[in-house]
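The following note sets out numbered points for a colleague who is examining the model. Please read each point beside the sequence and the structure.

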Amino acid sequence: MRKRTRVLLLSVAAAASMELCAPRVQPTLPRDGSEVRLEQLWEEPYDPASTDMMYGPWGRKYAPDPSAVYTFVRSKTHGASPGMTVVDPEDRIWSVKQGGEGPVEVMQSRILSALGYHQPPVYFLKWFTLRDSNGTHQEPGGRFRPTISALRDLGDWSWQQNPFVGTKPYQGLLIFLIMFGDADLKNSNNSLYEYMRPDGSSERWYAARDIGNALGDTGRLDSNKNDPAVFERQPFIGGVRDGFVDFPYRGWHQELFQRRMTPADLKWAVDLISRLTAAQWDEAVRAAGYDPLTAARFELALKARVAEGRRIAEPGLGR
């Protein structure tokens with residue numbers, strides 16, 4: 001017990017040091033001098049209400065086969081959730097994230113995609129068949145993300161310093177993650193992709209990728225996630241103070257949103273997410289494998305946050 005306590009204290013100290021040493025939040029151009037366009041982070045959704053929320057922007061083509069036998073390659077070696085890398089009979093490589101983060105990541109990814117933010121293909125399987133050293137057996141499923149040639153991972157990108165700091169889509173992305181109670185806003189969860197279009201041209205994508213530590217509380221250590229009872233109790237907005245929206249968020253990297261989000265930023269975000277239909281909300285939670293009762297509770301809690309955002313933003317615009 002004493003050793004565990006010591007490790008925990010060291011972890012707290014290290015994490016606090018990281019936050020204190022976080023770089024200044026400011027727009028910063030890429031070091032390699034590459035072209036920057038807002039569409040690399042966000043594209044105006046042409047018709048959000050028509051978006052396929054069950055299979056997402058990548059469609060059924062990239063979805064895992066629930067009847068296939070997947071061969072174990074290696075265990076996941078980082079992060080809080082269990083998982084593994086597997087390969088399917090067509091030699092496609094899959095990253096599987098098990099535990100509570102899997103459903104959350106799929107649901108959030110569906111919603112962010114519909115709102116115009118770039119996302120890799122992610123899907124949810126409740127169970128799958130695994131072949132490993134113990135033979136062939138059923139394994140609890142989770143989030144399945146394929147490795148595909150159309151997306152080349154160039155590394156991570158910084159929340160604090162990137163070309164889009166201060167833009168409405170950047171502010172909106174952070175507001176959406178706070179709305180979902182994302183407790184893990186760290187740069188290593190972001191991916192800078194090179195996306196290869198079908199015509200052979202390419203473009204860079206800035207994506208918030210590993211977004212499963214949410215829908216619970218935002219405690220800095222051992223946060224609960226994927227728990228409707230906990231999520232329903234968490235406050236979303238504390239009001240407007242000195243022209244900025246106050247978020248009673250308890251996670252790391254307060255510098256990203258404290259005294260940075262205006263009522264106009266909040267209105268932009270709630271106007272955008274309000275374009276989703278009730279059927280799309282239902283599909284997003286079904287795509288994540290939630291049972292009907294849990295799905296309904298998360299939907300109601302999130303829609304209540306959207307409504308709260310509108311109440312706060314619209315009177316605040318005149319302040």
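1. In strand S9, Glu194 is the bridge partner of Arg152. Strands S7 and S9 (residues 190-196) run antiparallel and are joined by 3 bridges. Strands here are DSSP runs of E with at least two residues, helices are runs of H or I with at least four residues, and both are numbered from the N terminus.

2. This is a predicted model, in which local features need pLDDT of at least 70 and side-chain atom pairs count only at pLDDT 80 or more, while totals for chains, interfaces and linings use all residues. Residues are numbered from 1 along each chain as its sequence is written, and side-chain values use heavy atoms, with hydrogens and water left out.

3. Strands S7, S9 and S10 form, in that order, an open sheet of 3 strands with antiparallel pairing; two strands pair if DSSP finds at least two bridges between them. S7 (151-153) and S10 (202-208) are the edge strands, each with a single partner strand, so one side of each has no neighbour in the sheet. From one strand to the next, the twist averages 30 degrees; angles run from 0 to 180 degrees between N-to-C directions, and axes are lines fitted to C-alpha atoms, for helices over the stretch in contact.

4. Strand S2 (residues 69-75) runs antiparallel to strand S3 (residues 83-87), with 4 bridges joining them. Ser75 stands opposite Met84 in S3.

5. Contact means heavy atoms within 4.5 Å.

6. How do the axes of H2 and H6 cross? The axes of H2 (residues 101-114) and H6 (residues 278-287) come within 7 Å and cross at roughly 145 degrees. Val106, Met107, Arg110 and Ile111 of H2 meet Trp281, Ala284, Val285 and Ala287 of H6. The residues of this contact comprise 7 nonpolar, no polar and 1 charged.

7. Thr262 lies in the loop between strand S12 (244-246) and helix H5 (263-273). At 23% relative accessibility Thr262 counts as partly exposed, a class between buried (under 20% relative accessible area) and exposed (over 50%), with a 1.4 Å probe and protein chains only. Leaving aside residues up to four places away in sequence, Thr262 touches Gly243, Phe244 and Val245. Thr262 and Phe231 are 31 residues apart in sequence and 24 Å apart in space, C-alpha to C-alpha.

Methods: Nonpolar A, V, L, I, M, F, W, Y, C, P; charged D, E, K, R; others polar.
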